[in-house]
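Please look at the sequence and the structure together. The explanation that follows turns to the ligands and their surroundings.

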Amino acid sequence: MAISADAAIRAESGAPVEAESVPIAEALGRVTAAAVQAAQDVPHFASSAMDGWAVAGSGPWVVIDVAAPSTGARGLRPGHATPIVTGAVIPPGTTAVLRSEHAVITSASPALGSVSVDPGSLAAPTEPLRPVTPCAATPGASATPDESCEPATARGHLAVSDAAKPGEPFTGQHIRRAGEEAAADETVIASGTLLNPAHIALAALAGRDELSVRAKPRVRFVFSGDEVDSVGVPQSGRVRDTFGPQLPALLEMLGARVLGQRRVGDTLSGTVETLAASIRDAQLVITTGGTGRSSADHLRDALNELDATVLFDGIAVRPGGPTLLARAANGCVVACLPGNPLAAMVGLVITVVPLVRGLGGRASGDLAEVTVGADIAGSGPSALLVPYSLADALAYPSAWRGSAMMRGLADADGLLEVPTGGLRAGQRAIVIGLPWREPALQSQTVGALVSNHYERDIMKISARNQLKGTIVEVTKGATTSHVRIDIGGSIVTASITNEAVDELGLVVGADAYAVVKASDVMVAVD
Ligand SMILES: Nc1nc2c(c(=O)[nH]1)N[C@H]1C(S)=C(S)[C@@H](COP(=O)(O)OP(=O)(O)OC[C@H]3O[C@@H](n4cnc5c(N)ncnc54)[C@H](O)[C@@H]3O)O[C@H]1N2
Ligand code: MOO
């Protein structure tokens with residue numbers, strides 16, 4: 001019983017998963033064959049999220065050096081603080097981290113220098129530094145800061161500066177808790193995940209060196225045709241091979257492992273022999289040419305001799321109609337593409353691409369809709385799949401759409417489905433994505449986003465080249481406004497967009513900065 005091409009592709013994609021273990025550095029783009037668990041808590045120790053001070057309880061604090069073994073301190077007691085850097089282990093007893101910008105050292109012993117202190121916290125004390133006076137009593141006897149004397153381990157006094165927000169440092173502030181991202185043995189990457197760079201980083205965070213991934217589908221090629229030349233400029237009657245130089249690389253790009261390619265002349269015995277040798281160790285054999293029924297085409301007879309089961313023989317689409325799918329007796333799938341270059345590529349996009357993606361555990365591909373920019377005639381009993389390009393968000397068919405042509409596909413955004421009745425301009429139509437084509441360009445590039453948004457924010461806070469003044473005139477044009485700013489009696493005029501004027505709320509009388517950006521400054525003399 002005949003089954004649909006879709007059902008056949010789905011069924012053959014569902015072959016049992018073969019898995020292999022690969023180092024994480026080689027796992028990008030692979031699909032996990034098993035869930036990935038954290039080897040231990042992530043993060044596995046509590047650490048500081050800021051450079052500053054680990055503190056216990058509320059301030060002011062006595063600064064001690066928990067890192068120095070001579071102090072005998074194993075951690076912080078209430079009222080103690082110790083310097084800490086981003087990522088360092090939180091000492092026992094710590095209740096919060098006070099970031100260096102929000103701290104001030106109010107007194108210091110000469111030994112404070114042996115403690116690694118952010119110079120920023122010494123820069124703006126609220127009062128002059130007082131020297132620390134060690135107590136004569138047992139070191140560490142006093143748990144709370146004392147106005148008159150300190151434990152011998154004391155290095156100084158620390159307080160919250162005026163820069164801090166009310167309530168700082170609150171309990172747990174700037175502490176990355178152990179296990180806050182994942183507990184030991186928790187699944188962090190699901191089975192069947194297409195691994196992106198962030199997944200690889202996550203696997204490293206989770207303490208993994210190797211990952212179990214789906215084995216790449218093993219693919220071989222059989223290119224047919226007596227008339228095909230591999231190199232050079234062909235004579236009349238001969239053609240230059242368009243498949244050998246790109247199909248293996250394309251299949252690798254799709255996540256397959258290409259075992260090799262063979263060429264075969266137009267004989268039955270040669271076709272049987274070459275196919276038999278190819279299906280032996282491959283999961284998928286892709287053939288080109290010989291799908292016709294002329295005396296030079298031996299594909300069907302060869303498949304028959306090899307006891308292969310034909311799953312579908314032809315698709316009601318042009319070009320690519322003669323595409324055929326079979327399963328050899330050993331389970332190897334044989335995808336037969338027509339010899340015409342564009343026909344083969346269309347057949348590949350609609351059958352081999354979903355098949356290989358399925359075998360590799362990936363989603364089958366992109367189908368979308370576009371609006372057509374021109375009338376397109378249909379053709380007979382088959383739908384057409386035509387290379388198209390987008391212009392002003394409308395799809396236009398390529399002029400080079402003949403079965404043997406490549407110019408259309410080379411620059412195409414995808415394949416446009418033209419139903420048998422054709423399409424009218426303005427109608428919606430289905431399009432198929434090309435596996436080598438990036439998704440259609442967004443209306444604004446990432447670079448433009450950075451320039452429009454983030455760069456302006458940085459300029460707002462930059463102290464350089466900013467001249468403060470008062471707006472004396474705003475003249476709006478069709479698209480651009482002229483904003484005149486009085487800077488100490490001199491007028492500076494800026495041309496900016498009307499949108500920017502509205503967004504910044506620029507009105508006469510308001511304060512504004514003229515931000516000058518110039519790469520060249522010329523010098524002149526009278
Ligand atoms: N009487 C009919 N003739 C044809 C029909 C039909 O229905 N009835 N279908 C046409 C369609 S549609 C296609 S597509 C082709 C399919 O042909 P084959 O798969 O048998 O391929 P070949 O005959 O071997 O070659 C066709 C064409 O492609 C050129 N070719 C082959 N290999 C390569 C290569 N590696 N690089 C570049 N070009 C290649 C070959 O020279 C031929 O020109 O049949 C139609 N005929
Ligand atoms: O597959 Mo054929 O044109 O339809 O070249």
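In sorting residues by class, Ala, Val, Leu, Ile, Met, Phe, Trp, Tyr, Cys and Pro count as nonpolar, Asp, Glu, Lys and Arg as charged, and the others, Gly among them, as polar. The model is predicted, local features need pLDDT of at least 70, side-chain atom pairs count only at pLDDT 80 or more, and totals for chains, interfaces and linings use all residues. Residues are numbered from 1 along each chain as its sequence is written, chains are lettered from A and ligands numbered from 1 in the order in which they are written, and side-chain values use heavy atoms, with hydrogens and water left out.

Consider ligand 2. The residues around it (one heavy atom within 4 Å) are R318, P319, G320, G321, P322, N340, A343 and S403. By class, this shell holds three nonpolar, four polar and one charged residues. Polar contacts are pairs of N or O atoms within 3.5 Å; within protein, one must be able to donate a hydrogen and the other to accept it, and residues adjacent in sequence count only if both atoms are side-chain atoms. A backbone N or O atom of G320 lies 2.6 Å from an oxygen atom of ligand 2, and for a backbone N or O atom of G321 the distance is 3.3 Å. N340 places a polar side-chain atom 3.3 Å from an oxygen atom of the ligand.

Ligand 1 is surrounded by 19 residues, the closest being E227, D241, T291, G292 and G339. Its shell divides into seven nonpolar, eight polar and four charged residues. A backbone N or O atom of G292 lies 2.8 Å from an oxygen atom of ligand 1.
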